[in-house]
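Trainee: I would like to learn how to read a structure step by step. Could we take the features in turn, with the general idea before each case?

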Amino acid sequence: MSASAESYPTPGTFSPATGAELEPVEQTHVDEVKDTVERARAAQKEWRLTTLHEREEAMQAIARRVLERADEIVEIISQETGKNPSEILVNEVSGIAEYAKIAAKEAKAALSPVKVSISKIAYPGKSATVEPVPRGVIGIIAPWNYPLSIFYKPLFPALLSGNGVVLKPSEFTPRTGAWLVEQCQAVLPEGLVRVVQGGGEVGEALIESGIDGLTFTGSVATGKKIAARCGELLIPCSVELGGKDAAIVLADCDLDRTAIGIAQWALHNCGQNCAAIERVYVEDAIADRFVEKLGQIVEKVRVAGEGELCEIGPLQNHQQLDIVEAHVRDALDKGAELVTGGERTGSGLGYRPTVLDRCTAEMEVVTDETFGPVIAVVRVQDADEAVDKANAARYGLNGSVWTKNLARGEEIARRLEVGVALVNNHAIVGSMANVPWTGVKDTGTGVAASRFSYHTFVRPRTVFIDKSSKPDPWWFPANEDLQELGETLVDFSLGSLTSVLRLAKVAGRRVKAIQKLARGD
Ligand code: NAD
């Protein structure tokens, strides 16, 4: 099963659980991408005129179709990723209707026009409204780790805002993306949601194709390249990149719950989660007991291929398995202690869930994203050392503190340099449509989900109405009253009450002078 970089199978042609070959999916020619975007743009012209209520109903209809066809998509995802069916059903499929419902509520908050408050003294007769306007066609470029649900965060807000969408699934999971687009197409106007298939070159073509906004989820290296190009093209873009999440375990935690909670959020999806707990900073006082318990729990986690029931699938691809093995080797070479795991399972790309104790900042498993089923435990003296070490990472997505003292936990969590700070849980908000999913540092500047993510999907348009029949007093011509008008406005801004009367007088004289100029007297 070992593969060198040169001999990796073509992405998307290999089932990671069984090793079976998969029929390749037809790639989109780069020259066709622009046309695909144009078709979505044509459909968007009608869609943008629909009401939010109509769009909300369409999102529910898409969600219903997905739920009614759950068996189909579970099988496709299982084939492409090796995850077990119940894991897919729970984590990717079952929550879609609720997600769409809450996303619609967030849309209402984000898309409601705002009447601007304008001073009647400084700007008589004027009013303004700021209304969010759909940008046009949004490109969505996605990774393979949650091949269906990764799309929910940008797809629903993009459509609810009145945009067309072109999806580019990962080349490792093309069938899942295509299937989701089919469900959208069955409900939405023809052409509004479309798919392009392929790797980086198709992603690049999508960015060059005239899209009006982009959401990218993927690696730091690709995300930085994409953000730079979007900057040059002035395309608003949201980049959600890698992570190396830390959990801080304090001596007063509930040991049983903490150990299983950390195992859950480290190994969920075989650790192929941008917000997987990859580093655990544990206070010395309970380190021995914590490591022993964590080891016992992790040892019992079954990987696909180990019987009917299993908690996690394999790594999705050979590249990822190679990174996991390299990180574990590097840690052991540098003195980490293997508590459990550290080897392949012998079935497909399965890797035994692994706990490494006494890890240090010299090890890749502590500094670089592993994106696999590996937990690096770092022992620390106290919470301050834990916070310093957690914040030394170049990533910052989620960070959690595990303690029975909630007030102290909250205070420590706020000191973490992350987008989502938690106490006694981790990564859970990733499935919530009304909580922003965002990070700091190399995790990227993107904001996904919730009303806070709408910058990529809408632009603010100001509609300004002037009902005044008179010209404004600062219009041409300049005359001796203009200086006085300026001085009076300064006094007015400084809060002088008498300035209001003076302002009315000088403005009145100015308006007459302006009207005289306009009449040509
Ligand atoms: P990747 O960067 O290799 O690929 C992501 C997507 O970008 C794919 O669709 C790929 O085809 C496309 N792509 C590659 N090169 C491109 C280019 N030059 N121009 C345009 N598109 C291009 O990432 P991956 O290996 O698929 O995903 C794993 C990474 O995603 C991990 O780092 C993980 O942490 C991150 N991730 C982040 C989040 C988050 O919300 N922050 C969520 C899931 C995954």
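Trainee: Which helix supplies the largest share of the shell around the ligand?

Mentor: To read a shell, start from its rule: a residue is near a molecule if one of its heavy atoms lies within 4 Å of it. Helices (DSSP runs of H or I, at least four residues) and strands (runs of E, at least two) are numbered from the N terminus. In this predicted model, the largest share of the shell around the ligand, three residues, comes from H8. Helix H8 (200-207), strand E6 (213-217) and helix H9 (220-233) each supply at least two residues of that shell.

Mentor: Two notes on the source belong here. This is a predicted model, in which local features need pLDDT of at least 70 and side-chain atom pairs count only at pLDDT 80 or more, while totals for chains, interfaces and linings use all residues. Residues are numbered from 1 along each chain as its sequence is written, and side-chain values use heavy atoms, with hydrogens and water left out.

Trainee: How many residues surround the ligand, and which are the closest?

Mentor: The ligand is surrounded by 28 residues, and the closest are Ala 142, Glu 171, Ser 219, Leu 241 and Glu 369. Sorted by class, the shell has 12 nonpolar, 11 polar and five charged residues, where Ala, Val, Leu, Ile, Met, Phe, Trp, Tyr, Cys and Pro count as nonpolar, Asp, Glu, Lys and Arg as charged, and the others, Gly among them, as polar.

Trainee: Which polar atoms of the protein lie 2.6 Å, 2.7 Å and 3.1 Å from atoms of the ligand?

Mentor: An oxygen atom of the ligand lies 2.6 Å from a polar side-chain atom of Glu 369. For a nitrogen atom of the ligand, a polar backbone atom of Leu 241 is 2.7 Å away, and a polar side-chain atom of Glu 204 lies 3.1 Å from a nitrogen atom of the ligand. The ligand taken alone exposes 850 Å², and the protein buries 89% of that, with areas computed by the Shrake-Rupley method with a 1.4 Å probe.

Trainee: Are Cys 270 and Ala 449 buried or exposed?

Mentor: Buried means under 20% relative accessible area, exposed over 50%, and partly exposed in between (1.4 Å probe, protein chains only). Cys 270 counts as buried because its relative accessibility is 1%, and Ala 449 is buried too, with a relative accessible area of 2%. Of the 521 residues of the protein chain, 53% count as buried.

Trainee: Where is the cis peptide bond?

Mentor: The cis peptide bond joins Phe 476 and Pro 477, with omega at about 5 degrees. Pro 477 lies in the loop between strand E19 (458-466) and helix H16 (480-493).

Notes: Polar contact = N/O pair within 3.5 Å; in protein donor to acceptor, adjacent residues only side chain to side chain.
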